[in-house]
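I opened this model to look up its side-chain pairs, its sheet and its backbone angles, and I kept notes in the order in which I went.

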Amino acid sequence: RWWAGMAALRRFGSSCGQLGPSLTAAAAAAAAGPLQPRFRPPCRGHRMTPSDDEQYQRTTVSALERSSPDAQYIEGYSRHGFTISGNRVLGPCAVIPQALLQWNVESYRDVCVDSLALFYLLEPKIEILVLGLGDRVHRLDPNLLTFMKSKGIGLEILDTPNACATFNFLTSERPRIAAALIPPGLHSDQR
């Protein structure tokens, strides 16, 4: 068996141009019994060197700043609620431009045309509604999706952690974004 291993080692070593002491040590280890893990530097066909401009460049990090001081940003969430722009909200909430409201739903099963009425009655109209439905994504009634589309509102249906991140990203890009969020873990027994 160890002859097959030697042949493979010989092929590998010759392709890397490193046929020599490491091959002899590997052959001795193979003959002695099970192979012991050894550190072997990676084999490259060419040496990679940084160009002059890459060698002296510095890496900089810029902190993401809010595009508007009036915009709402989701800073955190738990199974009890959310922290949005420094305000704590317990339970499900509706985040709309310039306001933060309690959203009267218990779980994703309560999401219907009536529970979303706030979002399609707003003036100026919102472009996108981000729905965070708890621990995971749930299917909603297709008629609800068609209805919101007829009102000119795009829906992003996600689990709550991803909905928070998506809302923050979209808020920095567009001002007319809203979110309807159910805390993850709230009534998780109703899956």
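I began with Glu127, which at 28% relative accessibility counts as partly exposed (buried means under 20% relative accessible area, exposed over 50%, and partly exposed in between, with a 1.4 Å probe and protein chains only). Before going further I noted that this is a predicted model, in which local features need pLDDT of at least 70 and side-chain atom pairs count only at pLDDT 80 or more, while totals for chains, interfaces and linings use all residues. I also noted that residues are numbered from 1 along each chain as its sequence is written, and that side-chain values use heavy atoms, with hydrogens and water left out.

**Salt bridges**

Which side chain does Glu127 meet in a salt bridge? I found Arg176, with 2.9 Å from N to O, where a salt bridge is a side-chain nitrogen of Lys or Arg within 4 Å of a carboxyl oxygen of Asp or Glu. Glu127 lies in the loop between helix H4 (117-121) and strand S6 (128-133), and Arg176 lies in the loop between helix H6 (160-173) and strand S8 (177-182), so the pair ties together parts that are 49 residues apart in sequence. For these labels, helices (H or I, at least four residues) and strands (E, at least two) are DSSP runs, numbered from the N terminus. Arg176 is partly exposed, with a relative accessible area of 35%.

The count under this rule comes to 2 salt bridges, and I looked up Glu123 with Lys125 as well, where the N to O distance is 3.9 Å. Glu123 is exposed at a relative accessible area of 63%, whereas Lys125 is partly exposed at 36%. Glu123 also takes part in a cis peptide bond with Pro124, for which omega is about -5°, and Pro124 lies in the loop between H4 and S6.

**Aromatic pair**

I then asked how many aromatic pairs the rule counts. The count is 1, with rings of Phe, Tyr and Trp (its six-membered ring) pairing if their centres lie within 6.5 Å, and with planes under 30 degrees apart counted as stacked, over 60 as edge-to-face and the rest as tilted. Tyr120 and Phe147 form this pair in an edge-to-face arrangement, at 5.0 Å centre to centre and 80° between the planes. Tyr120 lies in helix H4 and Phe147 in helix H5 (residues 142-150), so the pair ties together parts that are 27 residues apart in sequence. Tyr120 is buried at a relative accessible area of 13%, while Phe147 is partly exposed at 24%.

**Sheet and hairpin**

Next I traced an open sheet of 3 strands, in the order S1-S2-S3 and with antiparallel pairing, where two strands pair if DSSP finds at least two bridges between them. The edge strands are S1 (74-77) and S3 (87-90), each of which pairs on one side only, and the twist averages 20° from one strand to the next. Helix H6 packs on the sheet, touching S1 and S2, and its direction makes about 170° with that of S1; contact means heavy atoms within 4.5 Å, and axes are lines fitted to C-alpha atoms, for helices over the stretch in contact, with angles from 0 to 180 degrees between N-to-C directions.

Strand S2 (residues 81-84) is joined to S3 by 4 bridges, and Gly81 stands opposite Leu90 in S3. In the loop between S2 and S3 I found Ser85, whose phi is near 50°, a positive value in a residue other than glycine; Ser85 is partly exposed at 24%.

I compared this with strands S4 (residues 93-96) and S5 (residues 99-102), which run antiparallel and are joined by 4 bridges, with Leu100 in S5 as the bridge partner of Val95. Their hairpin has 2 residues between the strands, and Gln98 there takes a positive phi near 75°. Gln98 is exposed, with a relative accessible area of 60%.
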